[in-house]
Amino acid sequence: GGGGGGGGGYGSAELNLIYFGSGGGSSGAFDGGGESIPTQKGGDGGGIIFILANNISVSGSILSNGDDGVNSTNTSYVGGDNAFGGSGSGGSILIVGNLLQGNGFLSSEGGGGGTSGTGGGGRIALHAPTINLTGLINNDGGIANYDYKSSAGTIYINATTSITSSGNITATGYNGTTARINITSPLMTLSGIYNATATVAPQGM
């Protein structure tokens, strides 16, 4: 038997088209007679969040994360202890307005945990003439035990007039795939930490 594959991320960074995150695959194991049977379902992919307004102030959390895969604890299955379902990928967060500001938290990261496939990060896109952010944005790929690690999602911020950002923005991939944070504006004032690291996490993490 074996664990399920993780959900992959897809769609453009700008979110010209908006997608749900993809679900992880179900796990499988063998019963005592050697028959292959499903054990646990994969984690769900993240959903779609679309906010369209004139003035937008974000002070809470906006989350579209992929779910972790579920582990089988039925020891009557051969290999059942390691038969995690795959984790879901992050979904999509699209915010469009004339003024976007706030100190909130945005996240569309992939699911992780266990010993099966992890989910890739989703898509976060912000569009407004003026953007003033002091909060956190996170779009990491999922990470699990053994060699199951996924790529980061994308973070795209487009301000046609100006952007001021003093928060921390992170899109970390754990399988060596290039991570992306795109910030475009004619006038930028940036502080904080911007981390688009593509790393290969050690085996066993």
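1. Which residue in E8 is the bridge partner of Leu63? The model, which is predicted, gives Ser107 as the bridge partner of Leu63 in E8. Strand E8 covers residues 105-107 and runs parallel to E5, with 3 bridges joining the two.

2. The pairing of E5 with E8 belongs to an open sheet of 5 strands, in the order E5-E8-E10-E12-E15 and with parallel pairing. The edges are taken by strand E5 (61-63) and strand E15 (194-195); each has a single partner strand, so one side of each is left without a neighbour in the sheet.

3. Ile18, Phe20, Ile48, Phe50 and Leu52 make a nonpolar surface patch of about 500 Å². Of these residues, Leu52 lies in strand E3, which spans residues 48-52. Is Leu52 buried or exposed? Leu52 counts as exposed because its relative accessibility is 61%, and the cut-off for that class is over 50%.

4. Confidence should be stated alongside these points. The chain has a mean pLDDT of 79, and 67% of its residues reach 70 or more. The pLDDT is below 50 over residues 1-7, a stretch that has 35 contacts in the model beyond near neighbours in sequence. Residues 75-81 likewise have pLDDT below 50, and this stretch has 16 contacts in the model beyond near neighbours in sequence. Where pLDDT is low, predicted coordinates should not be read in detail.

Note on methods
Residues are numbered from 1 along each chain as its sequence is written. This is a predicted model: local features need pLDDT of at least 70, side-chain atom pairs count only at pLDDT 80 or more; totals for chains, interfaces and linings use all residues. Side-chain values use heavy atoms; hydrogens and water are left out. Patches are made of residues with over 30% relative accessible area and no salt bridge: like charges are joined within 9 Å, nonpolar side chains (Val, Leu, Ile, Met, Phe, Trp, Tyr) within 5 Å. Accessible areas come from the Shrake-Rupley method with a 1.4 Å probe; for residues, only the protein chains shown count as cover. A salt bridge is a side-chain nitrogen of Lys or Arg within 4 Å of a carboxyl oxygen of Asp or Glu. Helices (H or I, at least four residues) and strands (E, at least two) are DSSP runs, numbered from the N terminus. Buried means under 20% relative accessible area, exposed over 50%, partly exposed in between (1.4 Å probe, protein chains only). Two strands pair if DSSP finds at least two bridges between them. pLDDT is the predictor's confidence in each residue, from 0 to 100. Contact means heavy atoms within 4.5 Å.
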